[in-house]
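Let's walk through this model together, one question at a time. Have the structure open and follow along.

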Amino acid sequence: MHDDVIYDCAIIGGGVAGLTLALQLARAGRRVVLFEKEIYPFHRVCGEYISMENHDFLCRIGVPLAGMNLPVMTQFTVSSPSGEALHHKLDIGGIGITRYVLDQLLARLATEHGATICEGTKVTDVVFANEQFTLSTAHGATYRARLACGAWGKHANLDSKLHRPFLEDSRKGRQFVAVKYHLTGIDFPAATVEMHNFKDGYCGLSPVPGGLTNCSYISDVRNLRAHGNSVAEMERQVLMQNPLLRPYLEEAQRVANPPIVISQITFRERSTIDSHVLMLGDAAGTIAPLAGNGMSMGMNASALLHPLLLDFLDGRISRAELEQQYTRAWRGLLSLRITAGRLIHQVFGQPWLTTAGIRVLRKLPFMTDIILGLTHGKPY
Ligand SMILES: Cc1cc2nc3c(=O)[nH]c(=O)nc-3n(C[C@H](O)[C@H](O)[C@H](O)COP(=O)(O)OP(=O)(O)OC[C@H]3O[C@@H](n4cnc5c(N)ncnc54)[C@H](O)[C@@H]3O)c2cc1C
């Protein structure tokens with residue numbers, strides 16, 4: 001099959017970054033095609049906490065948040081592996097929404113505004129020549145577009161295809177695995193996000209609709225290997241050593257069984273543009289998940305990119321200017337958050353450092369405000 005249309009923009013990857021960009025472009029009347037290798041709705045590994053900084057943006061692009069009766073979080077608890085805890089208010093706060101619901105909703109809204117959403121379609125190659133991109137899919141189809149955006153997340157086939165430089169470094173660095181469940185049957189405090197550290201990892205819990213609690217954690221892959229690659233055994237021997245986390249994991253029933261697991265996560269610096277493909281979301285820079293708000297950064301990047309894409313499509317700026325302006329804007333807005341996230345991530349999971357950090361922060365609440373401020377952005 002060959003699609004004869006030349007799209008204004010092709011987006012590879014239908015997570016929050018790609019979908020919010022597709023929705024904005026479709027609302028602006030542009031011809032946009034988005035490829036997602038999975039079929040909506042589907043579950044993903046994600047804490048499903050959306051910082052309030054995105055509230056106005058989401059409403060502006062047509063997400064009916066007000067009518068969705070979502071849990072709102074205003075309190076935060078963090079604990080060290082030994083169970084030393086800090087409780088604090090969340091000034092900006094956030095809402096809980098499952099990716100199962102959110103991603104499907106965004107895809108539906110984008111379709112209603114005229115975007116072409118190709119689900120179950122994996123892009124296998126993207127080539128730039130003669131001022132246009134040609135995308136090939138696993139179904140053997142090709143598509144052409146004036147612009148191509150990479151929103152394929154933390155790790156995808158196209159990273160190797162485009163020989164992205166971060167891959168070289170990441171083979172040498174630390175690798176992580178992440179796991180997610182929806183829990184039921186526990187008495188989880190409403191309006192609270194909890195983050196419990198364990199050796200070389202941390203686990204976040206927060207409410208999502210339907211009376212469920214999202215439980216997602218990230219762990220150094222060595223924890224898994226040390227326990228025969230068994231998630232259940234790693235949870236028993238490592239996570240449950242934290243006395244505040246143990247009761248939740250012991251008492252809860254897991255709604256999705258087996259858990260959703262992803263591996264080969266790294267936090268190396270990435271480029272915002274490779275082979276003229278404009279990257280956004282985790283493809284542009286993966287923030288340590290529980291030390292920041294990856295979804296916010298993905299949506300924020302789509303909001304940055306959208307007007308620049310319109311400027312290019314309408315001939316107001318050249319491709320070189322588009323690439324320069326996007327790189328500058330992205331760095332200005334998001335690279336500090338990624339760096340802060342990486343630093344916080346270094347501390348989390350180190351038993352004595354986390355305990356010492358929590359003791360200090362208990363005496364200096366303003367420092368906690370500063371750290372939480374670094375992991376949340378401003379409304380846009
Ligand atoms: C344990 C954990 C907890 C987290 N908790 C939170 C949280 O509470 N709040 C928060 O804001 N962030 C959280 N994050 C981070 C957040 O999940 C990510 O930052 C966010 O999902 C990134 O969105 P994205 O659109 O860039 O990528 P993704 O959501 O990963 O979407 C990328 C999509 O691209 C598709 N794809 C990949 N390759 C191809 C291809 N070749 N062709 C077609 N499709 C392709 C994939 O199937 C996928 O659907 C967490 C992350 C982890 C690991």
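Q: Is Glu-48 buried or exposed?
A: This is a predicted model, where local features need pLDDT of at least 70, side-chain atom pairs count only at pLDDT 80 or more, and totals for chains, interfaces and linings use all residues. Residues are numbered from 1 along each chain as its sequence is written, and side-chain values use heavy atoms, with hydrogens and water left out. Buried means under 20% relative accessible area, exposed over 50%, and partly exposed in between (1.4 Å probe, protein chains only). Glu-48 has a relative accessible area of 1%, so Glu-48 is buried.

Q: Which residue forms a salt bridge with Glu-48?
A: A salt bridge here is a side-chain nitrogen of Lys or Arg within 4 Å of a carboxyl oxygen of Asp or Glu. For Glu-48, the closest N and O atoms of the pair are 2.7 Å apart. The pair links distant parts of the chain, 132 residues apart, with Glu-48 in the loop between E2 and E3 and its partner in strand E10 (residues 176–184). That partner is Lys-180.

Q: Is Lys-180 buried or exposed?
A: The relative accessibility of Lys-180 is 2%. At that value, Lys-180 counts as buried.

Q: How far is an oxygen atom of the ligand from a polar backbone atom of Glu-48?
A: A polar contact is a pair of N or O atoms within 3.5 Å; within protein, one must be able to donate a hydrogen and the other to accept it, and residues adjacent in sequence count only if both atoms are side-chain atoms. An oxygen atom of the ligand is 3.0 Å from a polar backbone atom of Ala-17, and a ligand nitrogen is 3.3 Å from one of Gly-294. For Glu-48 and a ligand oxygen, the distance is 3.3 Å.

Q: Which helix gives the most to the shell around the ligand?
A: Helices (H or I, at least four residues) and strands (E, at least two) are DSSP runs, numbered from the N terminus. Helix H1 (16–27), helix H4 (157–161), strand E13 (212–220) and helix H9 (294–313) each supply at least two residues of the shell. With three residues, the top contributor is H9.

Q: How many residues of the shell around the ligand are nonpolar?
A: Ala, Val, Leu, Ile, Met, Phe, Trp, Tyr, Cys and Pro count as nonpolar, Asp, Glu, Lys and Arg as charged, and the others, Gly among them, as polar. The shell has twelve polar and eight charged residues. The nonpolar ones number 17.

Q: Where do Glu-112 and Arg-108 both lie?
A: These two residues form a salt bridge, with the closest N and O atoms 2.7 Å apart. Glu-112 is exposed, at 52% relative accessible area, and Arg-108 is partly exposed, at 44%. They sit four residues apart, about one turn of the helix, in helix H3 (residues 99–112).

Q: Which residue meets Arg-222 in a salt bridge?
A: The two side chains come to 3.0 Å, N to O.

Q: Which side chain makes a polar contact with the side chain of Asn-223?
A: Asn-223 lies in helix H6 (residues 221–225). Asn-223 is buried, with a relative accessible area of 6%. At 3.0 Å, the contact is with the side chain of Ser-219.

Q: What is the omega of the cis peptide bond that joins Tyr-40 and Pro-41?
A: Most residues other than glycine have a negative phi, and most peptide bonds are trans. Pro-41 lies in the loop between strand E2 (32–35) and strand E3 (49–51). For the cis bond joining Tyr-40 and Pro-41, omega is about -5 degrees.

Q: What is the phi of Asn-229?
A: Asn-229 has its place in the loop between H6 and helix H7 (231–237). Asn-229 is exposed, with a relative accessible area of 56%. Although Asn-229 is not a glycine, its phi is positive, about 55 degrees.

Q: Where is Ser-275, which has a positive phi of about 50 degrees?
A: Ser-275 is not a glycine, yet its phi is positive. At 41% relative accessibility, Ser-275 counts as partly exposed. Its place is the loop between strand E16 (273–274) and strand E17 (277–279).
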